[in-house]
Amino acid sequence: MNTRPKTIFHPALGLVLMALLAGCGSENNAQTVRVNLSLVVNSQHVQHGPVSRFFAWIERWFPGATPAWAQSVSEIATIQVQVSGPGIPAPATSTVPVSNPTSGQEIPVSIQAPVGPNRTITVVASNAANQKIFGGTLAGVTLTAGAPIDLEITLVRLFTVTVQKQGDGSGTVTSTPIGIDCGSTCSSQAGQFEEGTTVSLNPVPAPGSAFVGWSGDCSGTAPCRVAGNATVIAGFNVPTSTDRLTVTLGGDGAGAVTSDSSGISCPGTCAADFATGTIVTLTATPTNGSTFIGFSGAGCSGPASSCTVAMNGDQAVTATFTAAIPIPMSTLAVSRVGSGSGTVTSTNQAGINCGSTCSASFPTGSLVTLTATPATGSTFIGWSNGCTGTGSCDVTLNADQTIVAQFDLVPQMVTLSVNTSGPGDGTVTSDQGGISCPNACSASFIQGTTVVTLIPTPVGNSIFAGWRGGPCEAFGTGPCMITMDDNRSANARFERFGGG
């Protein structure tokens with residue numbers, strides 16, 4: 001239905017009635033506001049051909065012609081207005097008699113409504129027999145005290161669906177959308193729906209009864225669908241003979257089986273009685289990733305998802321479901337060793353970030369690539385226990401496996417410098433390499449407890465006259481042993497033999 005706010009109210013177009021909606025029981029019942037409603041009947045819903053409001057107005061002025069709009073609303077005898085919303089326990093209602101609804105294209109009605117937010121105004125137009133023939137709703141309206149409020153509501157024609165039941169059996173009939181709920185003791189019930197709505201009627205037989213079909217404006221045994229005035233009869237019988245159909249769910253999987261006529265909805269209801277001689281169709285639906293293998297028993301078999309069973313005696317059907325095959329998994333772990341630190345990540349698929357997550361499960365047989373990244377001040381020494389070298393590590397994970405990554409601290413280096421002096425010639429070398437002075441007179445060594453031995457060697461007619469200053473002076477003319485706990489230096493003096 002269509003609703004829209006209107007800002008102009010025309011009291012000269014038709015009946016104007018002031019009705020006080022009392023007894024609303026809200027905290028605002030002392031405050032009301034005048035609401036001017038313009039009720040417009042949607043000609044597209046009351047006639048087979050659309051008639052614009054302009055031409056409907058023109059038609060009124062041609063002598064001898066009956067306006068199309070007037071024809072469509074001449075049935076209206078009363079209009080009921082109801083206001084509901086927060087703080088109104090019982091909706092306030094006023095009924096307005098209409099003596100001449102065809103005097104204009106709009107039916108004006110004025111009411112005093114309780115102020116407040118989120119009000120719903122519902123209008124129902126009835127004929128002289130008190131049958132509801134038009135309806136309209138305007139929801140979410142905020143009514144505030146003060147100046148009158150002008151609103152417009154479009155009325156849409158209603159149609160009636162009547163449900164009756166017959167037969168010696170029993171059952172219920174409900175509608176979608178809601179409106180009809182004909183229970184086990186209901187012999188006849190009518191519901192009203194807006195034109196343009198398709199109403200589905202659903203029969204459910206009671207235990208020991210069977211739904212045998214529709215008559216009236218529907219036929220067959222499937223849900224009945226109507227979109228206009230209709231009278232539908234649902235037949236329920238007590239079969240002279242019934243047979244029991246039992247469904248068993250087999251296999252290690254999960255699934256459901258339902259019947260085309262009400263009765264079987266398994267798991268839940270896995271056995272039901274059906275009239276002897278009827279044909280019941282079962283449908284299987286796998287769940288939770290399972291696979292339906294097939295039906296067996298009662299003359300139906302194979303992988304088809306449906307099975308027809310002739311109820312010529314008690315029948316038993318098995319529906320087999322198999323569970324989804326789990327993917328085998330293997331665990332890859334990383335162990336970090338050494339004096340340093342760093343991270344190892346799986347770069348071709350997520351899972352390992354060690355750091356924090358040093359193991360993860362992957363499908364067995366998959367290839368996982370590990371990459372090592374040393375932290376500042378550390379260096380990656382290499383892989384072991386499945387990989388070697390310092391590049392990336394590719395692991396084909398055929399079983400649980402642990403890869404070792406070694407990180408060491410980067411060593412601090414100190415410098416040993418050697419100087420030769422004097423008129424003689426000679427060389428100074430180190431036992432650990434690096435020093436061969438005068439060609440290479442300095443070298444770097446790992447800081448700490450490393451001891452470097454310097455060896456002086458005179459050349460030709462020269463002699464080694466000893467060490468001058470520094471940590472080597474105490475060694476006289478012998479080799480000098482220096483602990484490299486810091487930068488160090490040594491001075492070797494060579495003299496010529498005989499002082500020449």
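Visitor: Is Ser 126 buried or exposed?
Guide: Buried means under 20% relative accessible area, exposed over 50% and partly exposed in between, using a 1.4 Å probe and protein chains only. Ser 126 has a relative accessible area of 7%, so Ser 126 is buried. Bear in mind that this is a predicted model, where local features need pLDDT of at least 70 and side-chain atom pairs count only at pLDDT 80 or more, while totals for chains, interfaces and linings use all residues. Residues are numbered from 1 along each chain as its sequence is written, and side-chain values use heavy atoms, with hydrogens and water left out.

Visitor: Which residues does Ser 126 touch?
Guide: Contact means heavy atoms within 4.5 Å. Not counting residues up to four places away in sequence, the partners of Ser 126 include Glu 75, Thr 78 and Lys 132.

Visitor: How many disulfides are there?
Guide: A disulfide is a pair of cysteine sulfur atoms within 2.5 Å. By this rule there are 8. One of them links Cys 218 with Cys 224, at S to S 1.9 Å. Its S-S torsion is about 65°, so this disulfide is right-handed.

Visitor: What about the burial of Cys 218 and Cys 224?
Guide: Cys 218 is buried at 12%, and Cys 224 is buried at 2%.

Visitor: Which disulfide partner does Cys 354 have?
Guide: Cys 354 is joined to Cys 358, with S to S 1.9 Å. The torsion about that S-S bond is about 75°, so the link is right-handed. Cys 354 counts as buried at 0% relative accessibility, whereas Cys 358, at 23%, counts as partly exposed.
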